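Hello,

Here is the structure I promised to pass on. Please open it first, then read my notes below.

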Amino acid sequence: MIYTLTLNPSIDYYVTLPVFEAGQVNRVEQAEKVAGGKGINVSLVLKNYEVETEALGFLGGSTGQFIRNELEKQGVLTAFTPIADETRINVKIRADQESELNAAGPNIQEDELNALLAAFETMQAGDIVVFAGSIPSSLPQDLYRKIAQVLTKRGVKFAVDTTKEAMLEVLPLGPFMIKPNHHELGEIFDVEITSKEMAVPYAQQLVERGAENVIISFAGDGALLVNKQGAYTANTPAGKLINSVGAGDSLVAGFVASHALGRPPEEAFRYAVTTGSASAYAFGLCTKEDIDRLLTDVKVVELIQS
């Protein structure tokens, strides 16, 4: 089973209008509510990929029930831990520019956290867990590391797409994939990353510190994969950017799904970049048909360093 962990899920309320003017009354042309959160996005894309997945995390109140219902309608298994506080609502504005209003989220009690942690004690070798998103302030900031320690002892692989500090903490435990973008990679080493070639030695340091595969996303300029076997680049297929929200989560889903299906890292990387692009070019998250349509346009090339 591929599990995703979303510690701070949300209802994402999307509003579409031609232009957003701050300080003015804005008339919305279209609005929709979806289940949101990085791990939830990964689970939804995995399901669209026809790969079984189960979503974990915290849900509370009527907003939490909405998320649970939406996921179950789309065939995603759920095992969320119920909480007393209310799950948050985020507002995503699609206009001449993309804007987001993200709420802080609920307070998690100690007994609620302990109930979630018990789920990881039952996982088996062959399972995969995806840590996606930041750790809420009401939770221990070393939580991913503590969970990773449990998973490592049980032979469970894990992938990480989170903030700098939380990602660095789990590196010694050997995540099979991490996914900083080039700005985040630069923040880790206090440099400005301006090219894939420049990113390679820094990504190699993350491999040396424990990561099996490091994927650095460069938005419209494609992505870079670095592991012990080498460094590889992939282009972004041609298309019109419609919605960047969820594109990075889709990339993670593409790599994890391909890994679970037994594809080698370079081929999993090609599917990952295709999947991320397919979501960027879609209203919402991509389908398997979206991925298949773009796959032949993505080429993976080994980066030969001078």
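**Pockets**

The largest pocket has a volume of about 1,000 Å³. Bear in mind that this is a predicted model.

A total of 44 residues line the largest pocket. Nearest its centre lie K38, S244, G246, A247 and G248. Several elements give two or more residues to this lining: β2 (10–16), α1 (38–48), β7 (88–94), α6 (182–189), α8 (247–260) and α9 (265–280). By residue class, the lining of the largest pocket holds 23 polar, 12 nonpolar and 9 charged residues.

The second largest pocket holds about 270 Å³ of space. Its lining has 18 residues. V34, A35, L44, G284 and L285 are the ones nearest the centre of the second largest pocket. Here β2, β3 (30–36) and α1 each supply at least two lining residues. Strand β3 gives the largest share, with 4 residues. The lining of the second largest pocket divides into 7 polar, 7 nonpolar and 4 charged residues.

Next, have a look at strand β10, residues 157–161. Is β10 mostly covered or mostly open? Mostly covered: 4 of its 5 residues are buried.

Which strands pair with β10? One is β9, residues 128–132. The two run parallel, and 5 bridges join them. Within this pairing, I128 has K157 of β10 as its bridge partner. Another is β11, residues 177–178. Strands β10 and β11 also run parallel, with 2 bridges between them. V160 stands opposite I178 of β11.

The chain links these strands through helices. From β10 it crosses through helix α5 (residues 164–170) to β11, in a right-handed β-α-β crossover.

**One residue to look at**

Find E165 in helix α5. Is E165 buried or exposed? E165 counts as exposed, because its relative accessibility is 53% and the cut-off for exposed is over 50%.

**Where to start**

I would begin with the largest pocket and K38, one of the residues nearest its centre. Then turn to β10, with β9 joined to it by 5 bridges and β11 by 2.

Best wishes

Note on methods
Residues are numbered from 1 along each chain as its sequence is written. This is a predicted model: local features need pLDDT of at least 70, side-chain atom pairs count only at pLDDT 80 or more; totals for chains, interfaces and linings use all residues. Side-chain values use heavy atoms; hydrogens and water are left out. Buried means under 20% relative accessible area, exposed over 50%, partly exposed in between (1.4 Å probe, protein chains only). Two strands pair if DSSP finds at least two bridges between them. A crossover is right-handed if, with the strands pointing away from the viewer, the path from the first strand over the helix to the second runs clockwise. On a 1 Å grid over the protein atoms alone, a cavity is a set of points where a 1.4 Å probe fits but cannot get out, and a pocket is an open set with protein on both sides within 12 Å along at least five of seven lines; lining residues have an atom within 4 Å of a point. Grid points are joined across faces, edges and corners, and a volume is the space filled by probe spheres set on the points. Ala, Val, Leu, Ile, Met, Phe, Trp, Tyr, Cys and Pro count as nonpolar, Asp, Glu, Lys and Arg as charged, and the others, Gly among them, as polar.
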